[in-house]
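Here is a short report on a sheet and on the helices that go with the description. Please keep the model open while reading.

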Amino acid sequence: MNLTPYRKIVKAAADRGDRIGGLDELPTPDMSDLVEFCAVAREAADRTLGLRPYDVQLLGTLALLDGKVAEMATGEGKTLSGAMAAAGYALQGKRVHVMSVNDYLARRDAEWMAPFYEAVGVSVGWIGQGSTPEERREAYAKNVTYGPVSEIGFDVLRDRLRTDASAIIVPDPEVALIDEADSVLVDEARVPLVMAGASDAGSAVPEMAVLVRQLIRGYHYEIDDQARNVYLTQKGAETVENLLGVELYDEHEPGTLIELNLALHAHALLSRDVDYIVRDGKVQLINPSRGRVAMLQRWPNGLQAAVEAKEALPPSEKGEILDSITVQGLVRRYPTVCGMTGTAVAVSEQLGEFYGLKVAVIPSNRPCVRKDEPDRIYPTVPDKDAALVEEIQEAHATGRPILIGTLDVAESESLAKLLQRRNLRPVVLNAKNDAEEATIIAKAGERDAITVSTQMAGRGTDIRLGDGVAELGGLYVIGSGRHASSRLDDQLRGRAGRQGDPGGSVFFVSMGDELITQFTPDERPPAADADGLVRHRRGAYLVGHAQRVAEGVNLQIHRNTWRYTRLLEQQRELIMEWRDKVLHGDSAAKALAAADPERWASLPEETRQETARQIVLHAIDQCWTEHLAFLTDLREGIHLRALGRMSPVDEFHREAVAEYKSLQAEVERRSLESFEAPEPDLKRPEATWTYLVQDNPFGTEWDRILKRMSSGARASRT
């Protein structure tokens, strides 16, 4: 994107800087004059925060005010650029929600930037998981509100259940400014946020967890090349049927097969300390793009209960879904969306396809002098690990600080133990101790520091170099393997070389890494040279190819998921418009008065309008909950339509649209029925709770059954 128009504004703002700097009191910026705004914002930040924005930070601010996603490298001051842009939108009279990836960053940034906001006449607040309803109401009343994207979504869902207009907390959406925009808009875009009620215990069959532990991979079951599906072999199916005394593939009684599949997936495809940890007697999911606990997240379709049964834990509560919205649906509510991240170009196609957003690449303030070495590729994982430990020990002997990025919790702890055997003392940052992350990261640039961490995205703390570290070459970043997304590699590498600091990076990879074996399973890796390194160019090609395949698979999953959820989001918008008219107006009263004038006349005049409102709201909410349940069941079984050579997506849309068309008539029928009843039953759930549904990595149960049936049919024809 051409930054020339922005550069002209920034240059003019610099020319106007002396006049603004000479004023005792700063004027309120005039947003019709962006030059004046930039000059005042720069001076306000300097006076209140001791941070005088660089020209490139103002470029980032202007890109955000232009509705773009600004790509700014780590350490280039995104927080201040975002605050200046948020203030600019607020001074235009628009409410701004700055969406962060966690509570810590939301609070830190709001409190850190508060003096700047005050200086330009803008109010600021923040919310987090622990915020009370009154604290939330107060924060949303500010011009700018910082909050985790999930908490803002949960507040939208809670407001969805309000029966009193004065109880609504979240104002109408206007501007969403998203930190770590690629993570939120792409990686987590399809994550459903759920409001549930009428709780009961989850269910899983503990005996199934015991049974699958007896099955042997390669004999009783096989795992596909991408480790997304596991299938019983013929021998495995016979063994299970003999043990259980059932016929597994009875299409009319699929319950046992579903329970077995869930248990087998939990056993074979989900690993403790990789996909989840067990802490405080609970299964806690690990966010794969951040390497930290995914708070409040759980798997759908019984998989959560299956993992709990695997770990011999009681099943967590489940209940009726009252409403849900995806992160992508939440963000698309805002008329204006902009964002910032260090790695946007790699997902520019998706940002354009799903949000209509363009990327503006902001240059760094100082040239990057970090030395990025080519990957060091080894034939096997043990070869790689041995070389990795040797490299760490040699670098540590010089006093140079080292940051090692690992792929999961188990690997971080395993590497730490290997280093300890060499009398090294690494500090470990992973999902088990992420509460101390700010302290750990802040010290990672000190002399002699060895920091072993899972994914660095969204950590939010700069790594500053300690005394004398620049002379040693700066921070040395080592990746223990390539991620499935090149963006995550770039985020790790970007921790070194901030603001012109010296630094270096290198990735250690093996031909036996999961990325390579999953996404290039049929490729023959080249041999190593005499020193154990794979130097043949085909080795580097296979690593890059595997990563591109993985990124393509994830993009296709995103597209396919959105094809199903887009219709639901559209229907949700329609039902919310209807509900808002009932909540804020007299449409309920008019409808029921016209339907039964005699009953209407018999009610006390002072209560009948509110009575009508509550009756219709209850009917809308009840019918919407049932509609969500219908769509969930429909989605579970829709893949079976492929057996009849029909398009599952088209069939899903056809039935979902038909069902929704009958919803309005059903709401009217139930409303009139309740209106005419002597004592209408308007009972609502006594308790509700919110959680996020982690995208099921293995598809639905019916999807897996269909694949198994199809593979069985193919086998019978050969």
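The model is predicted. Seven strands make an open sheet, ordered E3-E4-E2-E5-E14-E1-E15. Their pairing is parallel. Strands of a sheet pair through backbone hydrogen bonds, either parallel or antiparallel. E3 and E15 are the edge strands, and each pairs on one side only. From one strand to the next, the twist averages 20°.

E1 covers residues 69-71 and runs parallel to E15, with three bridges between them. Glu71 stands opposite Val361 in E15.

Now helix H17. This helix spans residues 409-421, 13 residues in total. From first C-alpha to last it reaches 19 Å, close to the 18 Å expected at 1.5 Å a residue. Asp408 caps the N-terminal end: one of its side-chain oxygens lies 3.2 Å from the backbone nitrogen of Ala410.

Which residues of H17 are buried? They are Val409, Glu411, Ser412, Leu415, Ala416 and Leu419. These residues sit on the same side of H17 because they cover an arc of only 160° around the axis. An α-helix has 3.6 residues a turn, so residues three or four places apart point the same way. On the other side of H17, Lys417 and Arg421 are exposed. Just after H17, Asn423 adopts a positive phi of about 65°.

Technical notes:
Residues are numbered from 1 along each chain as its sequence is written. This is a predicted model: local features need pLDDT of at least 70, side-chain atom pairs count only at pLDDT 80 or more; totals for chains, interfaces and linings use all residues. Side-chain values use heavy atoms; hydrogens and water are left out. Two strands pair if DSSP finds at least two bridges between them. Helices (H or I, at least four residues) and strands (E, at least two) are DSSP runs, numbered from the N terminus. Axes are lines fitted to C-alpha atoms, for helices over the stretch in contact, and angles run from 0 to 180 degrees between N-to-C directions. The expected span of a helix is 1.5 Å times one less than its number of residues. Buried means under 20% relative accessible area, exposed over 50%, partly exposed in between (1.4 Å probe, protein chains only). The arc is that of the directions from the helix axis to the C-beta atoms. A polar contact is a pair of N or O atoms within 3.5 Å; within protein, one must be able to donate a hydrogen and the other to accept it, and residues adjacent in sequence count only if both atoms are side-chain atoms.
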